[in-house]
Amino acid sequence: MALAASARCCPPLLSSSASASISFPSSARAPALQRTRGGPGPRRRLQRCLCSQQFAERQTSGAQQQQQQQLERLFSNLNQATMKHEPGSVTSAIFLVAGTTVGAGILAIPAVTQEAGFLASAVTCIFCWIYMVVTGLLVAEVNVNTMCELGSGGVSLVSMAMRTLGTSGVRTACVSYLFIHYALLVAYVARSSEIITNSLGIPLWESATLFSLVFGGLCYFGSQRVIGAVNGFLVFSILASFTALVVVASGNLQWSSLLEANFAAAPQSIPIIALSFVYQNVVPVLCTNLEGDLSKVRKAIVVGTAIPLALFLTWDAVLLGTIPGLAGDGTIIDPLEQLRSSNGTVGPIVEAFSFLAIGTSYIGFVLGLSDFIADLLKLPSGQNKPLPYVVTLVPPLVLSLLDPEIFFKALDFAGTYGVLVLFGVFPAAMSWSERYSDDLEAPVPPIVPGGKFTLAFVMGGALLVIFSEIFKDIMQLQGLH
């Protein structure tokens with residue numbers, strides 16, 4: 001969703017120490033943040049207005065409600081050309097969350113949930129959805145509080161980590177961010193090259209190189225309008241191919257297969273399912289677009305992630321329901337590949353859907369990682385330099401060629417050691433520091449209930465999965481020797 005050209009803080013929402021309005025470009029980066037411990041002067045904070053109670057005493061009941069609703073936002077997005085208020089659209093925010101969540105991770109869900117069966121995997125999927133909704137709300141809470149303290153919007157995850165966790169938190173966040181993006185780009189190149197090779201009959205290295213050059217070149221040479229048009233076409237094609245796939249494949253659906261359950265095998269699917277629900281990287285954008293109105297942000301997150309949840313459950317039911325007897329038998333196959341090879345009509349649709357899902361995810365991750373690398377290299381903003389794109393595109397291409405079967409392994413590693421750290425442990429740790437540290441202030445009331453118990457559960461759940469995966473990997477390495 002396009003941001004307004006300018007944002008101006010509403011005067012009633014500023015504290016007395018910052019009563020003047022503040023304007024900033026919507027595309028500007030958040031200012032560098034120094035973490036202070038008991039500094040000499042008061043910190044400049046943006047906070048909600050308390051004078052609405054005095055105003056309400058002089059107004060009718062209807063005017064009271066209208067004024068309170070207007071003061072829910074922290075600032076106003078203004079169009080510099082027209083100087084008109086342009087509030088963010090909740091509907092657009094919902095689609096932004098849904099579009100970010102639906103990606104190539106959906107391709108791996110049937111493969112990692114087949115042993116558990118549909119019933120057990122559906123319960124796991126719903127649990128992961130609730131968990132990721134909570135972590136997204138925690139990110140929103142910390143983001144708005146950071147905007148209050150800085151007096152500006154556009155606050156990044158790095159600025160949030162610096163404010164709440166200090167330098168060590170920023171370093172861990174940067175490492176996790178790089179790990180997630182590189183691991184997923186490796187998975188995308190590996191799977192797309194396999195699809196191209198099956199379709200065109202060319203070697204894998206040519207397929208991988210062709211995919212990287214075409215989509216990477218689009219990101220480097222294409223304008224925002226061109227990239228947006230291509231991405232829009234891909235998203236529309238994904239929906240069309242998914243609908244066709246469900247309609248065609250559901251004809252062989254065996255309803256009794258949907259009742260199969262092996263709950264003991266369900267935990268091993270958590271990393272990839274959690275990876276499939278990643279959207280937290282756009283929560284700072286939501287908070288800025290929706291003017292810091294947490295009620296709107298909460299609605300966008302809950303509804304926006306519920307759409308992919310329904311999509312994932314439908315997808316998993318169709319794939320596992322057409323291949324009965326997988327739950328608990330220990331046989332590891334890819335239901336997507338089996339469906340493609342067993343049905344001449346479904347095969348091309350599966351290939352098209354897989355390639356389109358990978359393509360949309362690849363474009364977004366290349367743009368995000370190249371911009372992040374350009375920032376690390378201190379390159380001027382607004383200029384397309386080739387070095388960040390070379391550093392972004394070449395390593396995943398090389399790694400995917402070294403191990404063509406790396407798709408599921410890369411997704412599993414990204415989900416375990418990247419997503420569960422950056423979007424599992426980190427949101428709870430930042431919120432804990434903000435809520436219970438004497439050195440930080442949180443003008444916005446918590447939007448996630450449960451206090452320390454909820455935060456401890458979020459951190460403990462992520463750490464439990466991480467350490468169990470580490471133990472499993474160590475045992476597998478010992479078994480090889």
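A: Here is a quick tour by salt bridges, helices, a loop and the surface.

A: This is a predicted model, where local features need pLDDT of at least 70, side-chain atom pairs count only at pLDDT 80 or more, and totals for chains, interfaces and linings use all residues. Residues are numbered from 1 along each chain as its sequence is written, and side-chain values use heavy atoms, with hydrogens and water left out.

Q: How many salt bridges does the structure hold?
A: There are 3 salt bridges. The term means a side-chain nitrogen of Lys or Arg within 4 Å of a carboxyl oxygen of Asp or Glu. Side chains of opposite charge can pair when their charged atoms come close.

Q: Which residue does Arg-435 meet in a salt bridge?
A: Glu-141. Their N to O distance is 3.0 Å. Arg-435 lies in helix α15 (residues 407-436) and Glu-141 in helix α5, so the bridge ties together parts 294 residues apart in sequence. Helices here are DSSP runs (H or I, at least four residues), numbered from the N terminus.

Q: Is Glu-141 buried or exposed?
A: Glu-141 counts as buried, because its relative accessibility is 1%. Arg-435 is buried too, at 19%. The cut-offs are under 20% relative accessible area for buried, over 50% for exposed, and partly exposed in between (1.4 Å probe, protein chains only).

Q: Next one. What does Glu-149 pair with?
A: Glu-149 forms a salt bridge with Arg-163, and the closest N and O atoms are 3.2 Å apart. Glu-149 sits in helix α5 and Arg-163 in helix α6 (residues 157-200), so this pair joins parts 14 residues apart in sequence. Glu-149 is buried at 13%. Arg-163 is buried at 2%.

Q: And what about Glu-434?
A: Glu-434 also forms a salt bridge with Arg-163, with the closest N and O atoms 2.5 Å apart. That pair links distant parts of the chain: Glu-434 is in helix α15, Arg-163 in helix α6, and they are 271 residues apart. Both Glu-434 and Arg-163 are buried.

Q: Which residues are linked in a network of salt bridges?
A: Glu-149, Arg-163 and Glu-434.

Q: New topic, helix packing. At what angle do α5 and α11 cross?
A: Roughly 160 degrees, and the axes of α5 (residues 117-150) and α11 come within 10 Å. The pair is therefore roughly antiparallel. Axes are lines fitted to C-alpha atoms, for helices over the stretch in contact, and angles run from 0 to 180 degrees between N-to-C directions.

Q: How are α3 and α11 set to each other?
A: Their axes come within 8 Å and cross at roughly 40 degrees; α3 covers residues 90-101 and α11 residues 294-321. That makes them oblique. Under 35 degrees is roughly parallel, over 145 roughly antiparallel, 65 to 115 roughly perpendicular, and the rest oblique.

Q: Where is Gln-268?
A: In the loop between α8 (224-249) and α9 (270-276). Gln-268 is partly exposed at 39%. Gln-268 and Glu-115 are 153 residues apart in sequence, yet 9.6 Å apart in space, C-alpha to C-alpha.

Q: Last stop, the surface. Which residues form the nonpolar patch?
A: Leu-377, Leu-387, Val-390, Val-394, Val-398, Leu-399 and Leu-402, with about 610 Å² of accessible area together. Patch residues have over 30% relative accessible area and no salt bridge; like charges are joined within 9 Å, nonpolar side chains (Val, Leu, Ile, Met, Phe, Trp, Tyr) within 5 Å. Accessible areas come from the Shrake-Rupley method with a 1.4 Å probe; for residues, only the protein chains shown count as cover.

Q: Where is Val-390 found?
A: In helix α14 (residues 386-402). Val-390 is partly exposed, at 44%.

Note on methods: Helices (H or I, at least four residues) and strands (E, at least two) are DSSP runs, numbered from the N terminus.
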